[in-house]
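My notebook is open and I'm going to look things up one at a time. Here is what I'm working from.

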Amino acid sequence: MPDKVETTLMLIAAGEFSMGILGNVFIGLVNCMGWIKNRKITSIDLILTSLAISRICLLCIILLDCFILVLYPDVYTAGKQMRIIDFFWTLTNHLSVWFATCLSIFYFLKIANFYHPLFLWMKWRIDSMIPRILLGCLALSVFISLVVTENLNDDFRCCVKTKKKANVTVRCRVNKAQYASIKICLNLLTLLPFSVSLISFLLLILSLWRHNRQMKVSATGCRDFNVEAHVGAMKAVISFLLLFIAYYLAFLVATSSYFMPETELAVIIGELIALIYPSSHSFILILGSNKLRQASLTVLWKVEYILNRRNF
């Protein structure tokens, strides 16, 4: 049975999970309803919907792993269950990161102002390329997940079952270290989309600086919607970068359990921090999108109206 500390942490994890599901389901529903109504979906809505779905799955996997670790730790001695959890965590982790990177690139290409031929070509072609890019991200994530799962071999599972025996304990640690090292190296691939998002953010800053310099020369004095678009996109990208750093550090804490025994509490805390990334970023995206923000205000107004009617 879990102690009071673990119970408290589980309740916090459940609260973060609920908020994350609420935000991501809202994004998915609004965009899907618009898709059905208009019989077409814009590139930005397709990216946001794909990102929301991947994060819903990621939230479910993290919470499931957290509950199993506390309530049913013996499940980790069974190879099949561990393979399934590990596969889907790696898959949803990479999908979420790659889809968020696609969003950063889309913001950059649509909002930034550069006159390089390659940039102009990508800016013109990005809408038609988005579906293929998202499918490519899915294929790459599945491939990485299969490689990670294949390295979870029978020797690793056997050492978990018999780790109390002295002659097996040494072998157990070696195999766990080898597995964790492979997993960390493969997940370092997420630094590639992180770097792309960081470059997009820096280029957005450069584009905004150049635009402001041009506006000072012209000195129109009118409201500049281009600056507002730049600032909004930069907020979305920088929030992703900061939250992803926290998420990745939490992932390293959770992975450390393969090196050290009796680290369930550290793993739970790591997963608790990891839940912040897919949960909170959805609300940042809602506030940064006029469509989603207006839809959320409409829902809140209707809820307030229903509650007021019940009070009378």
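Which residues does UniProt list for "transmembrane region"? The unreviewed entry gives 12–34, 46–72, 87–109, 129–148, 188–209, 236–259 and 265–287. I note that UniProt positions are in the numbering used here, that feature names are shortened, and that annotations may be inferred rather than shown by experiment.

**Ground rules.** This is a predicted model, where local features need pLDDT of at least 70, side-chain atom pairs count only at pLDDT 80 or more, and totals for chains, interfaces and linings use all residues. Residues are numbered from 1 along each chain as its sequence is written, and side-chain values use heavy atoms, with hydrogens and water left out.

**Overall make-up.** I looked up the secondary structure and got 11 helices and 0 strands. Helices here are DSSP runs of H or I with at least four residues, strands are runs of E with at least two, and both are numbered from the N terminus. Residues 46–72 are 96% helix and 0% strand, with 38 Å between the end C-alpha atoms. Residues 87–109 come out at 100% helix and 0% strand, and their end C-alpha atoms are 33 Å apart.

The chain has 312 residues, and 44% of them count as buried. (Buried means under 20% relative accessible area, exposed over 50%, and partly exposed in between, using a 1.4 Å probe and protein chains only.) The chain exposes about 17300 Å², and carbon and sulfur atoms supply 71% of that; such areas come from the Shrake-Rupley method with a 1.4 Å probe, and for residues only the protein chains shown count as cover.

**The core.** Which residues touch the most other members of the largest nonpolar core? They are Leu-204 and Tyr-247, in a core of 67 residues. Helix α3 (residues 79–111) gives this core its largest share, 15 residues. A nonpolar core is a set of buried Ala, Val, Leu, Ile, Met, Phe, Trp, Tyr and Cys residues joined through side-chain atoms within 4.5 Å. I then listed what Tyr-247 touches, not counting residues up to four places away in sequence: Leu-58, Ile-62, Trp-89, Asn-93, Ala-274 and Tyr-277. Contact means heavy atoms within 4.5 Å.

**Asn-24.** Is Asn-24 buried or exposed? Asn-24 counts as buried because its relative accessibility is 2%. Asn-24 sits in helix α1 (residues 4–38). Beyond four places in sequence, its contacts include Ala-52, Arg-55 and Pro-278.

**Ala-295.** I found Ala-295 in helix α11 (residues 290–311). Leaving aside neighbours within four places, Ala-295 is in contact with Phe-26 and Val-30.

**Salt bridges.** I searched the whole structure and got 2 (a side-chain nitrogen of Lys or Arg within 4 Å of a carboxyl oxygen of Asp or Glu). In one, the side chains of Asp-45 and Lys-291 meet at 2.8 Å, N to O. This pair links distant parts of the chain, with Asp-45 in helix α2 (residues 43–71) and Lys-291 in helix α11, 246 residues apart. Asp-45 counts as buried at 10% relative accessibility, while Lys-291 is partly exposed at 35%. Lys-110 forms a salt bridge with Asp-127, also with closest N and O atoms 2.8 Å apart. Lys-110 is in helix α3 and Asp-127 in helix α4, 17 residues apart.
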